[in-house]
Amino acid sequence: MSIKKLVHTLFVIAGIGLSASSQSAVLFSDNFDADHNASALNFNSLINWNVSNGTIDYIRSGGYGISCVGGSGGCLDMDGSTSDAGRITSKATFSLVSGVAYTLEAQVSGNQRSSTSTDDMSFGIIDVNTNALLVGGTISRAGSAAFSLAALGLVPGIAYDARLFFEGIGGDNVGVILDNVEFRDDTTNGNVPEPGALALLGLGLAGLAASRRRKQ
């Protein structure tokens, strides 16, 4: 493995641990409020996303007994009403720069209808040209779980053109509820990885160097 690829991998493992700052540059955000004026099952006309691999339901807060963040606006049930949970992929593409720290986050709740069930969702960032996963994760929410933050961080070792995705996992017509997606650049405006992430990187590079010495 090259050092460049190792840098990429270690920052993903470290979660990049960025210091908080109000000066982060928001590259994309969507609260789903403008997509439709009423709740709709198996909705596939999102403004900023393509729907594939199944279906999602569009929710206007209060519809089907579901509340969106803040009790108003729109949100998504990531397991639509066809017993086939869906995937949303951003229509926009993003040119990721080597060495820049990026964060993808969203507010996610349980399905809000069954306190005994747990639902899952995967999400992340993919390479536009190859569809390879650049960084991804899976979260679980109990049915009664309130909205809380789900987030991923990435510092690419090389430049990529990328898209964002969120995908429900399951097929029982009730899934996690997704709202308030944000994708931002946390480096350009002055943020840097915290010492813990840098320490992990240093340990990894030292291990690689030692391994090479042993092979020689």
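In which sense do S8 and S11 pair, and over how many bridges? The legends below refer to a predicted model.

**View 1. Strand S8 beside strand S11.** The two strands pair in the antiparallel sense. Their pairing extends over 8 bridges. Within it, Ile 125 stands opposite Leu 164 of S11.

**View 2. The S8–S9 hairpin.** S8 and S9 run antiparallel and are joined by 9 bridges. Asp 119 faces Arg 141 of S9 across the pair. The hairpin has 5 residues between its strands. In the turn, Asn 131 has a positive phi of about 65°.

**View 3. Burial of S8.** Of the 10 residues in S8, 8 are buried, so this strand is largely enclosed by the rest of the structure.

**View 4. The largest nonpolar core.** This core has 35 residues. Those with the most contacts inside it are Ile 88, Leu 96, Ile 125, Phe 166 and Leu 178. Strands that give two or more residues to it include S6 (94–96), S7 (102–109), S8 (118–127) and S9 (133–142). S10 (148–154), S11 (160–169) and S12 (177–185) also give two or more. In soluble globular proteins, nonpolar side chains tend to be buried together.

**View 5. The surroundings of Ile 88.** Residues up to four places away in sequence are not counted here.

Methods: Residues are numbered from 1 along each chain as its sequence is written. This is a predicted model: local features need pLDDT of at least 70, side-chain atom pairs count only at pLDDT 80 or more; totals for chains, interfaces and linings use all residues. Side-chain values use heavy atoms; hydrogens and water are left out. A nonpolar core is a set of buried Ala, Val, Leu, Ile, Met, Phe, Trp, Tyr and Cys residues joined through side-chain atoms within 4.5 Å. Buried means under 20% relative accessible area, exposed over 50%, partly exposed in between (1.4 Å probe, protein chains only). Helices (H or I, at least four residues) and strands (E, at least two) are DSSP runs, numbered from the N terminus. Contact means heavy atoms within 4.5 Å. Two strands pair if DSSP finds at least two bridges between them.
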